[in-house]
Amino acid sequence: MSAGQPGEPALVLVAHGTRSARGVEMIAALADAVAAELGVAVSSAPNTALRTAFVDVLGPSPSEVLRDLDGPAVVVPAFLASGYHVYQDVPREVAESGHSAVAVTEAMGPDPALTRIMAVRLRAAGWKPGDAVVFAAAGSSDSRARQDVRRAAGMLAEQLGVPVKIGYVATGTPKVSEVVASLRESGAGRVFVASYLLAHGLFHQRLHDAGADGVAEPIGVHPGVVRLIVDRYRSAARELVGVR
């Protein structure tokens with residue numbers, strides 16, 4: 001099933017806004033890659049088969065995008081953990097839109113596809129077996145989001161076959177820099193940071209000041225991310241069209 005075909009839902013990709021130009025470019029590139037996979041166009045025009053919306057910093061908001069759409073829509077939250085934005089902001093935006101045929105998928109993470117990408121990014125940053133790993137997440141005051149982070153960190157530890165310590169960039173403790181320092185005090189030779197962030201921005205920039213020997217790139221645009229979003233969309237679209 002592809003967005004944009006007659007009777008099939010549009011895809012609304014919802015991301016967290018950022019003031020980082022690189023972050024904005026990455027979200028746009030991800031939307032383009034998903035659109036290419038689905039064989040549709042992405043733009044800001046009303047009733048476009050794939051639209052991008054933001055819950056903070058940037059616009060348009062999900063409610064604004066949904067009000068532009070005449071037919072059914074699938075909202076895919078491009079978040080790595082299900083915290084306030086997923087449980088509160090997205091449902092509120094859908095309700096405010098007044099749109100009567102919307103399905104909201106699960107957040108992107110945690111998911112084995114993201115784990116595999118993080119492992120690839122970590123190795124590209126120079127990590128080797130025996131080096132310590134800090135799993136760096138943005139953090140959240142929502143206990144469900146913190147549980148998602150713990151699950152994601154456990155998945156990465158299993159993938160790498162080494163212990164993984166969690167550190168937070170913004171909300172929550174311990175901070176990434178504190179975990180790096182603790183690992184060094186306990187005798188770790190080299191310490192690397194695995195970035196559980198989707199795009200470049202202020203949070204990722206902070207990781208480079210944490211004192212690690214290397215920092216992996218954000219998850220970013222990767223075929224595995226594209227397939228994950230497309231799979232989320234297709235599953236929800238089938239159910240949405242099936243019950244109309």
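A polar contact is a pair of N or O atoms within 3.5 Å; inside protein, one atom must be able to donate a hydrogen and the other to accept it, and neighbours in sequence count only if both atoms belong to side chains. This is a predicted model, in which local features need pLDDT of at least 70 and side-chain atom pairs count only at pLDDT 80 or more, while totals for chains, interfaces and linings use all residues. Residues are numbered from 1 along each chain as its sequence is written, and side-chain values use heavy atoms, with hydrogens and water left out.

**View 1. His200 and its two side-chain partners.** The side chain of His200 makes a polar contact of 3.0 Å with that of Arg22. Another polar contact, of 2.9 Å, links the side chains of His200 and Glu217. His200 sits in the loop between β7 (191-196) and α7; helices (H or I, at least four residues) and strands (E, at least two) are DSSP runs, numbered from the N terminus. Is His200 buried or exposed? His200 counts as buried, because its relative accessibility is 16% (buried means under 20% relative accessible area, exposed over 50%, and partly exposed in between, with a 1.4 Å probe and protein chains only).

**View 2. The largest pocket.** Here the volume is about 940 Å³. Of its 36 lining residues, those closest to the centre are His16, Phe79, Ala138, Leu197 and Phe203. Elements giving two or more residues to the lining are α1, α3 (84-97), α5 (143-160) and α7 (202-207). A pocket is an open set of points on a 1 Å grid over the protein atoms alone, where a 1.4 Å probe fits and protein lies on both sides within 12 Å along at least five of seven lines; lining residues have an atom within 4 Å of a point. Grid points are joined across faces, edges and corners, and the volume is the space filled by probe spheres set on them.

**View 3. What the pocket lining is made of.** By class, 20 lining residues are nonpolar, 14 polar and 2 charged (Ala, Val, Leu, Ile, Met, Phe, Trp, Tyr, Cys and Pro count as nonpolar, Asp, Glu, Lys and Arg as charged, and the others, Gly among them, as polar). The largest pocket lies between domain 1 (10-109 + 222-243) and domain 2 (112-215), because both give residues to its lining. The domain bounds come from an automatic or database domain assignment.

**View 4. Helix α4 and its two ends.** The 13 residues of α4 (residues 112-124) should span 18 Å at 1.5 Å a residue, and the end C-alpha atoms are 19 Å apart, which agrees; the expected span is 1.5 Å times one less than the number of residues. At the start of α4, a side-chain oxygen of Asp111 comes within 2.9 Å of the backbone nitrogen of Ala113. Just after the helix, Gly126 has a positive phi of about 110 degrees. The buried residues of α4 include Leu114, Ile117, Met118 and Arg121.

**View 5. Two cis peptide bonds.** The bond from Gly109 to Pro110 is cis, with omega near 0 degrees, and Pro110 lies in the loop between β4 (102-104) and α4. Thr173 and Pro174 are also joined by a cis peptide bond, with omega about 0 degrees. Pro174 belongs to the loop between β6 (164-168) and α6 (176-185).

**View 6. Ala36 and Val226.** Ala36 is part of helix α1 (residues 21-38) and is exposed, with a relative accessible area of 61%. Although Ala36 and Val226 are 190 residues apart along the chain, their C-alpha atoms are separated by 9.6 Å.
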